[in-house]
Amino acid sequence: MLIAHDLGTTGNKATLVSNDGKMLAAKTVNYGADWGTDGRAEQNPHDWWDAVCRASRELLAETNTAGTDIDGVSFSGQMMGVVPLDSHGEPVRPAIIWADTRSTKETNTLLERVSMEDCYRITGHRLNPTYSLTKLMWLRENEPDNFAKTATFCLAKDYTAFKLTGVLATDPSDASSTNAYDQASGDWAWEIIDAAGLPHSLFPKIVPSTHVIGTVTAEAARATGLAEGTPVVIGGGDGPVAALGAGVIDESSGAYAYLGSSSWVSLSASRPLLDPKMRSMTFNHVVPEQFVPTATMQAGGASVSWGQEVLSGGKSYEQFLGAAGNVEAATQGLFFLPYLIGERSPYWNPLARGVFAGLHMDHQQPHMMRAVLEGVAFNLRTGLEAFSDAGLDVSHIDCIGGLAKSPVMLQILANLWNVPVAARDIVDEANSIGAAVLAGIGTGVFEDFSIATRLSQQDPDTAPDPAVHEALEQPYRLFLDAYTRLEPWFADMHQTVNG
């Protein structure tokens, strides 16, 4: 059997997978985050490691599985963060995670030295404070003592793999999420790193996503219940790993949407997508010689969870989503801009904030929740338009992630995007399945990546209603216009609040 760990923003999900690709059991251990009004988003790396240890032990115990029965371990992990490590491999401070936007000043400084266009061409991404590179610059400028102690940095899954094996490395998918990776050369983008004024020694070695970086140490075996000597495969960043788990391994696989805390639309391509409007970004795939053009919003499912928490009036998540299916929002003049923690695609504006626009006395809780769902769908459509403008196939969208369980959300997506959408039967487990495939290939259990196409099934299509789609076209334009009009206000508000 194999164990796959998915280190997300809210917790680690460990999944036990048989050597023929069947999911046998899963265990999730949650952890917290420090969210600050100043754009702070941090987590304790020790909490990630504790979650990996506890989930591993409980998964083995509850399934009566011996540690010696595990043939390999691998990871999917949240991307774009910074875990600063000292010369002994200990974190010098909490991890700065993907959602942290405090490095706006450092981003602007770097833009004086490297053009946005050059960075996009080299790395596949805009320069933006959500990425690792400017987070490191922020650490240097704001916490010089901690920066001086930092010998290297890594990302979430790299840290837990290091704790298992004592070997530190990253893979191309995670490296491509740092704003410091050259997709043409397959190495760190040293010219951009030099422009940032950062030492080369900070950047770890890069190995393939299926590479066995080491084996479980005696100390890690005692902590996790795994057998000493168990092979550990480095794995990849959660976006590309989710694509693999959804069976998206090449151009023929089509497009998919991930509807988790942060949400995105993506597909597989043989080269990076350089969108003239820079609406999308491109990560390296965990599949060699493939890339995953992606349009990611900061708070997709997170906006929905926030809406349920704030607006539910005691209703469950499912009840509240169901109530939203019985009302209208955008066609009745009510909109929600889902920018609760700034935004990546398509605006790349860390100062953007969530907004209800068009509220009327007739609007009740379900209307507001409907507006939240539609706001997420509106925003993701901008990414699909970037793909279709480039001639990529978006004629059908598979959906994964927790929100893909909602028939109401699937119908909203189908109507607004005007394409059939369908949930995969592994909506919550795509990352785990993808990580298990990496573990299996790395250890020789699986022959090649094609097995990913056989590990999940597509549910029946949710078809678009052409009349509803047509009725939503002008509201979609109003949604886009609302951001355009509010963009200078966001900047003024930030200046007023923060000085």
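Strands, in the sense used here, are DSSP runs of E with at least two residues, numbered from the N terminus. By that definition Ser266 belongs to strand β16, which covers residues 263-266, in what is a predicted model.

**Ser266 and its surroundings**

- Ser266 has a relative accessible area of 1%, and because buried means under 20%, this residue counts as buried.
- The side chain of Ser266 is joined to the side chain of Thr294 by a polar contact of 3.1 Å.
- Leaving aside residues up to four places away in sequence, Ser266 touches Ala255 and Tyr256, then Val292, Pro293 and Thr294, and also Phe387.

**A cis peptide bond**

- The peptide bond that runs from Ser345 to Pro346 is cis, its omega being near 0 degrees.
- Pro346 is placed in the loop that lies between β19 (335-337) and β20 (355-357).

- Met80 is not a glycine, and yet it has a positive phi of about 75 degrees.
- This residue, Met80, is found in the loop between β6 (72-77) and β7 (83-85), and with a relative accessibility of 2% Met80 is buried.
- Asn179, which is not a glycine either, has a positive phi of about 70 degrees.
- The loop that holds Asn179 lies between α7 (172-175) and β10 (181-182), and Asn179 is buried at 1% relative accessibility.

Notes. Residues numbered from 1 in each chain as written. Predicted model: local features only at pLDDT ≥ 70, side-chain atom pairs only at ≥ 80, totals over all residues. Heavy atoms only, no water. Helix = DSSP H or I, 4+ residues; strand = E, 2+ residues; numbered from the N terminus. Buried < 20%, exposed > 50% of the residue type's maximum accessible area, 1.4 Å probe, protein only. Polar contact = N/O pair within 3.5 Å; in protein donor to acceptor, adjacent residues only side chain to side chain. Contact = heavy atoms within 4.5 Å.
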